Amino acid sequence: LNIGPLKKLGDLNCFQLDLGDLLFDDSWLLFASGIGLFHYRNSRSRLKLAFPVLLTLFAWWEMRQMDWYTYRYVSRVFTVVVALGLCGAGNWDAELTRLKVMFPLRWLGERSYSIYLLHMPLTFFVLHQARLHGQTSKLSSLLIVTPISVLLSVSAGHLFYQIVERRFIPGKPLTA
């Protein structure tokens with residue numbers, strides 16, 4: 001972390017903390033791409049057109065230095081390409097969400113925050129119960145823990161959405 005002009009500020013990591021999983025690895029790019037995409041989709045300014053141009057230049061730069069044998073930088077390029085695709089796909093959002101085949105995804109999307117809030121504790125509970133009953137293999141995790149966790153998370157998320165979340169969504173009727 002002590003690079004360039006920042007060295008003049010002193011040791012920025014004097015406590016020797018492992019900051020790798022914060023936003024200082026490639027995760028910052030995911031975060032920045034999401035923020036940029038949100039601004040691109042919601043801004044009325046002409047400056048928003050700079051976002052796809054910057055993404056394209058960044059993808060080109062990363063591909064130039066990519067190590068094709070170790071796949072270093074692949075996650076960065078993938079992130080940028082997905083963000084570019086979402087910039088272009090935004091023109092068809094309204095039409096896609098109206099399709100009947102998209103109803104399950106739309107239903108899950110409405111409840112996604114509620115599901116997100118409950119997923120981790122429910123999954124840890126199911127995983128703990130499985131381990132208590134001797135189910136410790138990867139196969140049992142795939143065939144038992146995952147389906148039960150998903151079913152519980154979606155069910156509990158739907159209940160939480162009905163009881164709590166939708167009351168705080170502006171313009172959403174409470175009789176749905």
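Predicted model: local features only at pLDDT ≥ 70, side-chain atom pairs only at ≥ 80, totals over all residues.
A crossing of two helices is right-handed if the near helix is turned clockwise from the far one by less than a right angle, and left-handed if anticlockwise.

Figure 1. From the N terminus on, its elements run α-α-α-α-α-α-α. The chain has 176 residues, and 20% of them count as buried. Its accessible surface comes to about 13,700 Å². Carbon and sulfur atoms account for 69% of that surface. Among contacts with a separation of 6 or more, 51% join residues 24 or more positions apart.

**Figure 2. Helix α6 packs against helix α7.** Helix α6 spans residues 112-132. Helix α7 covers residues 138-163. The two pack at an angle of about 145 degrees, and their axes are 8 Å apart. The crossing of α6 past α7 is right-handed. On the α6 side, the contact is made by Ser114, Ile115, Leu117, Leu118, His119, Leu122, Thr123, Val126, Leu127 and Ala130. On the α7 side, the contributors are Val145, Ile148, Ser149, Leu152, Ser153, Val154, Ala156, Gly157, Phe160 and Tyr161.

Figure 3. Leu139 is found in helix α7. Leu139 counts as exposed because its relative accessibility is 55%, and the cut-off for exposed is over 50%.

**Figure 4. Serine 33 is a buried residue of helix α1.** Helix α1 runs over residues 27-42. Serine 33 has a relative accessibility of 6%, so it counts as buried. The cut-off for buried is under 20%. Leaving aside residues up to four places away in sequence, serine 33 touches Phe51, Leu55, Thr79 and Ala83. One of these, Phe51, falls within the span of helix α2, residues 50-65.

**Figure 5. Threonine 56 sits in helix α2.** Threonine 56 counts as partly exposed because its relative accessibility is 43%. Alanine 83 is 27 residues away from threonine 56 along the chain. The C-alpha atoms of the two are separated by 9.9 Å.

**Figure 6. Arginine 111 and glutamate 110 form a salt bridge.** Their side chains meet with an N to O distance of 3.2 Å. The count of salt bridges comes to one. The two partners differ in their cover. Arginine 111 has a relative accessibility of 6% and therefore counts as buried. Glutamate 110 is partly exposed, because its relative accessible area is 32%.

**Figure 7. Arginine 166 lies in the segment after α7.** With a relative accessible area of 9%, arginine 166 is buried. Arginine 111 is 55 residues away from arginine 166 in sequence. In space, the two are 8.9 Å apart, C-alpha to C-alpha. Arginine 111 is the salt-bridge partner of glutamate 110. Arginine 111, too, counts as buried.

Technical notes: Residues numbered from 1 in each chain as written. Heavy atoms only, no water. Helix = DSSP H or I, 4+ residues; strand = E, 2+ residues; numbered from the N terminus. Buried < 20%, exposed > 50% of the residue type's maximum accessible area, 1.4 Å probe, protein only. Axes fitted to C-alpha atoms, helices over the stretch in contact; angles between N-to-C directions. Contact = heavy atoms within 4.5 Å. Areas by Shrake-Rupley, 256 points an atom, 1.4 Å probe, with all protein chains shown as cover. Salt bridge = Lys/Arg side-chain N within 4 Å of Asp/Glu carboxyl O.
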